Amino acid sequence: MEKEILKDKRREFIITSGKLAGLGICTCLFGSIIAACDKDGETVTAPEQPKPENYPVLSIASFAALASVGGIVKTMVMDKTGKPVNGGNPLIIYRMETNKFIVLDSICRHAGYQVDIPSSPSGDYVCPAHKAEFDTADGHTTTNGSAGTTVPPLLKYNSIYDSAENKLTIAI
């Protein structure tokens, strides 16, 4: 009987110790989160966004593949000041219709690798890291490949095509 009482007290001690340790950990974590959020009145500003007058303008005539509907290129793009856009990563430009272009980021947001472009517009962009596939027309994920989780779509950028000048302005 005495063994049973000792066993119960030991069990109670272990449970109470566990609760107190958990409470201590939660208190520390909560304090760290609050401290991280408190910037002593500092104003946090968003990174400077490119101004429309600095948006890159591409001459479509410079890209033979874009001369006809269905053409696709992956290319580095510079803004009007000569700075690379998109963190220096190439953009994918797809001529969907005579006067409509789709501009996508070439980086898989799941794996961080540059996607491969298809040899024909009927194919999909493929991430070499985990074989996820992205729709050529809009960058949406068609297959998650071996990622094991849902793969986000490729980032899409707005663009304006000037058919008289045969130039594409990319809002990036």
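What follows is a short chat about a predicted model.

User: What should I know about the model and its numbering?
Analyst: This is a predicted model, where local features need pLDDT of at least 70, side-chain atom pairs count only at pLDDT 80 or more, and totals for chains, interfaces and linings use all residues. Residues are numbered from 1 along each chain as its sequence is written, and side-chain values use heavy atoms, with hydrogens and water left out.

User: How many helices and strands does the protein have?
Analyst: There is 1 helix and there are 10 strands. Both are DSSP runs numbered from the N terminus: helices are H or I with at least four residues, strands are E with at least two. Along the sequence the pattern reads α-β-β-β-β-β-β-β-β-β-β.

User: And how much of it is buried?
Analyst: Of the 172 residues, 27% are buried. Buried means under 20% relative accessible area, exposed means over 50%, and partly exposed is in between, using a 1.4 Å probe and protein chains only.

User: Who is the bridge partner of Tyr161 in strand 10?
Analyst: Leu168. Tyr161 is also part of an aromatic pair with Phe101.

User: How is that pair with Phe101 arranged?
Analyst: The pair is tilted, with 4.9 Å centre to centre and 50° between the planes. Rings of Phe, Tyr and Trp (its six-membered ring) pair if their centres lie within 6.5 Å; planes under 30 degrees apart count as stacked, over 60 as edge-to-face and the rest as tilted. Phe101 is in strand 4 (residues 100-105) and Tyr161 in strand 9 (residues 159-162), 60 residues apart, and the pair links distant parts of the chain.

User: Are those two buried or exposed?
Analyst: Phe101 is buried at a relative accessible area of 6%, and Tyr161 is buried at 17%.

User: What does Glu133 touch?
Analyst: Leaving out residues up to four places away in sequence, Glu133 touches Asp124, Tyr125, Val126, His140, Thr141, Thr142 and Thr143. A contact means heavy atoms within 4.5 Å. Glu133 is partly exposed, with a relative accessible area of 29%. Its C-alpha atom is separated by 9.4 Å from that of Pro153, 20 residues apart along the chain.

User: Last one: how many disulfides are there?
Analyst: The structure holds 0 disulfides. A disulfide here is a pair of cysteine sulfur atoms within 2.5 Å. For Cys108, the nearest cysteine sulfur is that of Cys127, 3.8 Å away.

User: Where do those cysteines sit, buried or exposed?
Analyst: Cys108 is buried, with a relative accessible area of 1%. Cys127 counts as buried too, at 0% relative accessibility.

Note on methods:
Pairing = 2+ DSSP bridges.
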